[in-house]
Each structure stands twice: as structure tokens, then as C-alpha cells.
Amino acid sequence: MKNLKLKAARAGKDLSQEELANLVGVTRQTIGMIEAGKYNPSLNLCIAICKALGKTLDELFWEE
């Protein structure tokens, strides 16, 4: 399942996949795969992404 909430939050901060990846210490491909729903990130990575984007785990990773 695609993570459109992550993509929207990243775009809202005017960050590229590469910039977000650099902030959280992963590759651009990892961010792309998370957004595409092809990679299940660790809890630590989820938390780092949330901190970088100023969002909560629920806002970015909870499925309705």
C-alpha cells in the first residue's frame, strides 16, 4: 500500500526524497520504496522520519 501521507508531508516541507533521506540517514531509494509501499521501515526509521517532518507516527504510518 502506497504511503501517500508520507509523500504529502515530505512535499509540504519542500523536501526531495534525497533531502529527507540525508536527514534520516538512509538512501533516496529507501524513501522512494517506503512511499511506494515496497519497503516496511523499522520503528527507529519511522520515528526519525516523523521527527524530520514534524509529524506523529499516527499521522504518517497509521492505516485507516
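Arg-10 is placed in helix H1 of what is a predicted model. With a relative accessible area of 10%, Arg-10 falls under the 20% limit and therefore counts as buried. Leaving out residues up to four places away in sequence, Arg-10 touches Leu-15, Ser-16, Gln-17, Leu-20, Glu-35 and Leu-53.

One of these contacts is charged: Glu-35 and Arg-10 form a salt bridge, in which the closest N and O atoms are 2.6 Å apart. Glu-35 belongs to helix H3 (residues 28–36) and Arg-10 to helix H1 (residues 4–12), so the pair ties together parts that are 25 residues apart in sequence. The structure holds one salt bridge. Side chains of opposite charge can pair when their charged atoms come close. Glu-35, at 6% relative accessibility, also counts as buried.

| Residue | Relative accessibility | Class |
|---|---|---|
| Arg-10 | 10% | buried |
| Asp-14 | 68% | exposed |
| Glu-35 | 6% | buried |
| Leu-45 | 10% | buried |

Glu-35 is listed among the buried residues of H3, together with Thr-30, Ile-31, Gly-32 and Ile-34. The buried residues of H3 pack against H1, H2, H4 and helix H5 (57–61).

Which residues touch the most other members of the largest nonpolar core? In this core of 13 residues, they are Leu-6, Leu-20, Val-24, Ile-31, Ile-49, Leu-53 and Leu-60. At least two residues of the core are supplied by each of H1, helix H2 (17–24), H3 and helix H4 (43–53), and the largest share, four residues, comes from H4. Leu-53, once its neighbours within four places in sequence are set aside, is in contact with Leu-6, Ala-9, Arg-10, Lys-13, Leu-15, Leu-20 and Leu-60, a list that includes the arginine of the salt bridge with Glu-35.

Two packed helices are described by the angle between their axes and the distance between the axes. For H2 and H4, the axes come within 9 Å and cross at roughly 115°, and H2 passes H4 in a right-handed crossing. On the H2 side the residues involved are Leu-20, Leu-23 and Val-24, which meet Leu-45, Ala-48, Ile-49, Ala-52 and Leu-53 in H4.

Leu-45, found in helix H4, has a relative accessible area of 10% and is buried. Apart from residues up to four places away in sequence, Leu-45 touches Val-24, Val-26, Thr-30, Ile-34 and Tyr-39, of which Thr-30 and Ile-34 are listed with the buried residues of H3. From C-alpha to C-alpha, Leu-45 and Glu-63 are 17 Å apart in space, while in sequence they are 18 residues apart.

Asp-14, in the loop between H1 and H2, has a phi near 60°, a positive value in a residue other than glycine; at 68% relative accessibility, Asp-14 counts as exposed.

As for the record, an unreviewed UniProt entry lists residues 6–60 as "domain: HTH cro/C1-type". In the model, the end C-alpha atoms of residues 6–60 lie 5 Å apart, and the span is 71% helix and 0% strand.

Key. Residues numbered from 1 in each chain as written. Predicted model: local features only at pLDDT ≥ 70, side-chain atom pairs only at ≥ 80, totals over all residues. Heavy atoms only, no water. Salt bridge = Lys/Arg side-chain N within 4 Å of Asp/Glu carboxyl O. Buried < 20%, exposed > 50% of the residue type's maximum accessible area, 1.4 Å probe, protein only. UniProt positions renumbered as here; feature names shortened; annotations may be inferred. Core = buried A, V, L, I, M, F, W, Y, C linked by side-chain atoms within 4.5 Å. Contact = heavy atoms within 4.5 Å. Axes fitted to C-alpha atoms, helices over the stretch in contact; angles between N-to-C directions. Left-handed = near helix turned anticlockwise from the far one by under 90°.
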